[in-house]
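Here are some friendly notes to read alongside the model. Keep the 3D view open and look up each residue as you go.

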Amino acid sequence: MRAWVVSAQRPGTVEPAELPVPVPSGDELLVRVTACGVCRTDLHVRDGDLPAHRERVVPGHEVVGEVVAAGPDAVGWEPGTRVGVAWLRHTCGTCTYCVHGQENLCPSSRYTGWDADGGYAEYTTVPAPYAYRLPPGRPAEESAPLLCAGIIGYRALRRAELPAGGRLGIYGFGASAHLTAQIALAQGATVHVFTRSPAAQELALRLGAASAAGATDPPPRPLDAAILFAPAGELVPVALEALDSGGTLSIAGIHLSDIPALDYQRHLFRERTVRSVTANTRADGRDLLALAAERPLRVEAALYDFEQAPRALDDLAADRVTGVAVLRVASPPRS
């Protein structure tokens, strides 16, 4: 099969490869990939911002496809079933975190496109307990970004503890942010967006944001909550200073540049809170997909052919993507 791989010996690039089609074992499903979202985490894997977990790994963890085969322990999955493959791939199920509903913190967790080959390929595998059944109808290119950008944004919004009808600030307005803004707006929030990209500012206003300004501009009014999607640590004090008393800043990324020194009075006093977001639980995924089925989210997608994976990653790195980038890996099967 055709695939793209990241080499730990050559950070900053993805390389074409011909790999054998994987054979599903145990409870794994073999999935024929239709589309795969291009996530900023893929950039962190490509560029070595995240330590290599596997040499020549196939990146990609926003996968939509169909089941073509199943391992002997995968029960109830028929060939042709439409399926989504997301970031979280394995947890132990027995540690304190797993038992208490915090499987995203499991020390034994493993991830698609980092620990195991992902969706920048014509086929991939996923353990059946970590696969999502997807309904027919929504195009694969629109469903794929929900599997990370949507799920992580949903968890980040929950972690921000935005009060009903509150004012939410969103810093950075890419794949995850443009979906999260729609969820918050549907819940009655007032959304203010802060991004250096004029195109992203325009998109934010089209989606219903009350304002869209530069990344370091102050909000029209103090914020009840904020989410930092940009991997820019220098925006942490900016966002904290924009919070009202008792406000919470949720930091959504898996990687963040260094945070400058904070001034206690300006940034933290009056019970302002900083919270990180670490991966997601499967419950987050199910909840987000159920919400998206009830209130369809508009996905602003820039589509790339499979052969254009390096360009898609370069465009994302250079902020040339408005919304989310998606690889079209294969034509969807005829129904």
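This is a predicted model: local features need pLDDT of at least 70, side-chain atom pairs count only at pLDDT 80 or more; totals for chains, interfaces and linings use all residues.

**Notes on the fold**

1. Residues are numbered from 1 along each chain as its sequence is written, and side-chain values use heavy atoms, leaving out hydrogens and water.

2. What do β16 and β17 make together with helix α10 (residues 309-317)? They make a right-handed β-α-β unit. Right-handed means that, with the strands pointing away from the viewer, the path from the first strand over the helix to the second runs clockwise.

3. Now zoom out: the protein has 10 helices and 17 strands. These are DSSP runs numbered from the N terminus, with helices (H or I) of at least four residues and strands (E) of at least two. Along its principal axes, the C-alpha trace spans about 60 × 40 × 40 Å.

4. Is S143 buried or exposed? S143 is buried, because its relative accessible area is 6%; the cut-offs are under 20% for buried, over 50% for exposed and partly exposed in between, with a 1.4 Å probe and protein chains only. You can find S143 in helix α3 (residues 140-143). Not counting residues up to four places away in sequence, S143 touches V64, R82 and R138, where contact means heavy atoms within 4.5 Å. Across the protein, 52% of the 335 residues count as buried.

5. Next, visit P11, in the loop between β1 (2-5) and β2 (15-18). Leaving aside neighbours within four places in sequence, P11 is in contact with R46, D47 and G48. P11 and P198 are 187 residues apart in sequence and 30 Å apart in space, C-alpha to C-alpha.

6. Last, the aromatic rings: a search of the whole structure finds 6 aromatic pairs. Y264 and F269 form a tilted one, 5.7 Å centre to centre with 50 degrees between the planes. Rings of Phe, Tyr and Trp (its six-membered ring) pair if their centres lie within 6.5 Å, and planes under 30 degrees apart are stacked, over 60 edge-to-face and the rest tilted. F269 is partly exposed, with a relative accessible area of 37%. Elsewhere to look, W87, Y111 and W114 form one aromatic cluster.
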